[in-house]
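Have a look at the sequence and the model first, and then we can walk through the contacts together.

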Amino acid sequence: VIHAFHLERIAASPTFMHCSVARVCVPSCGDASLGALRASAGLHRASSRAWPGHARPAWRVQAPSMPESLAGTQCVVAVASGKGGVGKSTTAVNLACAAASVLGLRVGLLDADVTGPSIPTLMNLKHSGPPMLTPDQQMIPLQNHGVKCMSMGFLIPIGGAAVWRGPMVMGAIGKMIRGTAWGELDVLFIDMPPGSGDAHISVSQQVPLSGAVVVSTPNDLALADVTRGVDAYAKVNAPIIGFVENMAYFEVPNSNTGDDTGSDSTENSSKSANTDTGAGTGTDTTPDTVGKNTSRQSPPPTCHYIFGNGGVSRIAKETGIELLGEVPLDPNVVRTSDAGTPVVTSAPNSAAAIAYVNMARRILEKARKIEA
């Protein structure tokens, strides 16, 4: 009954009625009614010239005002990816936990991936049931690890699928944004679905984004969609704060056998030891160490580039967008994510956790403050 109550409210949401948004990227010449619908959906055309016959006009979403439910929020950051499976949700969760537990901020986390919600599992809230309601029928966000969370996974039974068309998805996002008692937040992270589509347009219509963080793995297949993600957020007037290279490398403890199992590993064997400190490239190769007893010192770990080396860094240089950091491929991140104990809180001294904390700090430095 509670699930049905929430879903009925979503269907009745005014956002549900904005069916035209799914068609905004297919302009047609001389269609006055479609133009009116686009205007009501918060989109405008940069040029008044007819199309086709001229260069295709640039459609951009006008920045909305901050909704009343987020009136006390200082900063809204979208965590996005051009392709699924690159660790976007894991990144969003660990950035949120880093901002809350390490930086001491008031943090919210919105799961905008309506058809594939991951936040309930990653934040160990999948068995918490639906959110309670305030006297004025606002949903109270569930909380864990110091982060306020809202997800469609809280409203749909475990294992249930949301087989919805675009307008229903947009209505759900609008309800979670405007129908949630968020309270005062220093930052709201939004875990976006992969790609670009209805959910991205809906979020950009509902809240003024301070910026977006784009997550990718270094392989070419994932990188092909990174530039599309950059272009998508340019169309909704959200600056790209930076890139995150996830699963950048895999560390293997070295041995004295001289065995080398990866062709890309030896050149950067001490990468992880220097990533966080900015130190030099070796410890036992300087002249004053020759002849000294170093048998008790373990050699630096070897880095294996499972998905390629430096792909996101290359894209960052080409686009002029900052590479915020590199997160290693760490089995412990998988285990802690499945257990709902993000690595930032469960293994704060690990290389992955340190990378997330440093990135969270940099993201909040760059994100512009939104006036209430």
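How many salt bridges does a search of the whole structure find? The search turns up 9. Keep in mind along the way that this is a predicted model.

**Charged pairs**

Side chains of opposite charge can pair when their charged atoms come close.

| Salt bridge | N to O distance |
|---|---|
| R106 and E184 | 3.1 Å |
| R314 and D220 | 3.9 Å |
| K366 and E322 | 3.0 Å |

Take R106 and E184, a salt bridge with its closest N and O atoms 3.1 Å apart. This pair links distant parts of the chain, 78 residues apart: R106 sits in the loop between α3 (88-102) and β4 (107-111), while E184 sits in the loop between α5 (166-178) and β7 (187-191). Is E184 buried or exposed? E184 counts as exposed, because its relative accessibility is 52% and the cut-off for exposed is over 50%. R106 has a relative accessible area of 37%, so it is partly exposed.

Next come R314 and D220, whose salt bridge has its closest N and O atoms 3.9 Å apart. Here too, distant parts of the chain are linked: R314 belongs to helix α10 (residues 311-319) and D220 to helix α7 (residues 220-223), 94 residues apart. D220 is exposed, at 59% relative accessible area, whereas R314 is partly exposed, at 39%.

Now for the strands. Eight of them, in the order β5-β6-β4-β7-β3-β8-β9-β12, form an open sheet with mixed pairing. At the edges are β5 (142-144) and β12, each of which pairs on one side only. From one strand to the next, the twist averages 25°.

You can follow some of the pairings strand by strand. β4 runs parallel to strand β6 (residues 147-151), and 5 bridges join the two; V107 stands opposite V147 in β6. Helix α8 (residues 226-235) packs on the sheet, where it touches β3 (76-80), β8 (211-216) and β9 (240-246). The direction of α8 makes about 155° with that of β9.

β4 also runs parallel to β7, again with 5 bridges, and D111 stands opposite D191 in β7. β3 and β7 are parallel as well, joined by 4 bridges; there, V77 stands opposite F189 in β7.

Is β7 mostly covered or mostly open? Mostly covered: 5 of its 5 residues are buried. Both faces of the strand are covered, with V187, F189 and D191 buried on one side and L188 and I190 buried on the other.

In soluble globular proteins, nonpolar side chains tend to be buried together. The largest nonpolar core in this model has 87 residues, and those with the most contacts inside it are F189, I190, Y233 and F243. Which element gives the most to this core? That is α13, with 9 residues.

F243 touches a range of residues beyond its neighbours in sequence, among them V214, V226, V230, I315 and L324.

Finally, look at how α3 and α13 meet. These helices pack at an angle of about 80°, with their axes 9 Å apart. The two are therefore roughly perpendicular to each other. On the α3 side the contact is made by T90, T91, N94, L95, A98, A99 and V102, and on the α13 side by Y356, V357, M359, A360, R361, I363 and L364.

Key
Residues are numbered from 1 along each chain as its sequence is written. This is a predicted model: local features need pLDDT of at least 70, side-chain atom pairs count only at pLDDT 80 or more; totals for chains, interfaces and linings use all residues. Side-chain values use heavy atoms; hydrogens and water are left out. A salt bridge is a side-chain nitrogen of Lys or Arg within 4 Å of a carboxyl oxygen of Asp or Glu. Buried means under 20% relative accessible area, exposed over 50%, partly exposed in between (1.4 Å probe, protein chains only). A nonpolar core is a set of buried Ala, Val, Leu, Ile, Met, Phe, Trp, Tyr and Cys residues joined through side-chain atoms within 4.5 Å. Contact means heavy atoms within 4.5 Å. Two strands pair if DSSP finds at least two bridges between them. Axes are lines fitted to C-alpha atoms, for helices over the stretch in contact, and angles run from 0 to 180 degrees between N-to-C directions. Angles under 35 degrees count as roughly parallel, over 145 as roughly antiparallel, 65 to 115 as roughly perpendicular and the rest as oblique. Lists of a residue's contacts leave out its neighbours within four places in sequence.
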